[in-house]
Amino acid sequence: RAEGLTMDYGKTIALNGVDLHVPRGVYGLLGPNGAGKSTLNRIFTGLLKPTSGTARVAGFDCVSEIDEVRKRIAIIPQEFKLYPNLTPYEFLEYMLILSGRDLDGKRIMAQLEQVNLLAHARQRIGSFSGGMKQRVAIAQALIHDPVVIFADEPTAGLDPEERMRFRNIFSEIGLEKTVLLSTHITEDISAATNMVYVLNRGN
């Protein structure tokens, strides 16, 4: 939830008093490049402090309670870094360790099955296509069971088949969680959800 959220960089006002409420489900955040989508996501995830207004995720303030927010969110960025010498299984083990959770082989395999990588669980990530790497990124975002997921242009650069696969995954995730899908691709929004916010020049 955002209330009166403003981000003023001096010469540029990236967000201009934005009010936003995103309940459970998949919600699209649609707007051209430079509209303020990434700024909004950075505030929600604690990477930026707003000039004014408030932002809350899962009931927690994104400035004063950011540690509680971060326990409950996942980020699927447009650009991401993976470890090419690890397998998806090893990578998800590592992500569980970083999140402070117990290692759980069944959980890892179930997560890989959800993103259709079960057959590739023991292959090196460095040998994967771009779409397969993006599926690993989704799996690592979900492995600690977040409440809210922020996806920033997640289908950029993917072929039509992979993009369709991602839309189906997000639709499935949205049955239990909140997903804010930021994109300038209207087809992604219309295929994954019928709920959309339009952001243009910070409004």
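Visitor: Which residues of helix 5 are buried?

Guide: This is a predicted model, in which local features need pLDDT of at least 70, side-chain atom pairs count only at pLDDT 80 or more, and totals for chains, interfaces and linings use all residues. Residues are numbered from 1 along each chain as its sequence is written, and side-chain values use heavy atoms, with hydrogens and water left out. Helices (H or I, at least four residues) and strands (E, at least two) are DSSP runs numbered from the N terminus, and buried means under 20% relative accessible area (1.4 Å probe, protein chains only). In helix 5 the buried residues are Gly131, Met132, Gln134, Arg135, Val136, Ala137, Ile138, Ala139, Gln140, Ala141 and Leu142.

Visitor: What covers the buried residues of helix 5?

Guide: Helix 5 is mostly covered, with eleven of its 13 residues buried. Contact here means heavy atoms within 4.5 Å, and the covering elements include strand 6, helix 3 (88-98), helix 4 (105-114), strand 7 and helix 6 (160-173).

Visitor: At what angle does helix 5 run to strand 6?

Guide: Axes are lines fitted to C-alpha atoms, for helices over the stretch in contact, and angles run from 0 to 180 degrees between N-to-C directions. Helix 5 (residues 130-142) lies across strand 6 and strand 7, and its angle to strand 6 is about 170 degrees.

Visitor: What is the order of the strands in the open sheet?

Guide: Two strands pair if DSSP finds at least two bridges between them; strand 7 (residues 148-152) and strand 8 (residues 178-183), for instance, pair in the parallel sense over five bridges. The open sheet has five strands with parallel pairing, in the order 6-7-8-3-9.

Note on methods. Buried < 20%, exposed > 50% of the residue type's maximum accessible area, 1.4 Å probe, protein only.
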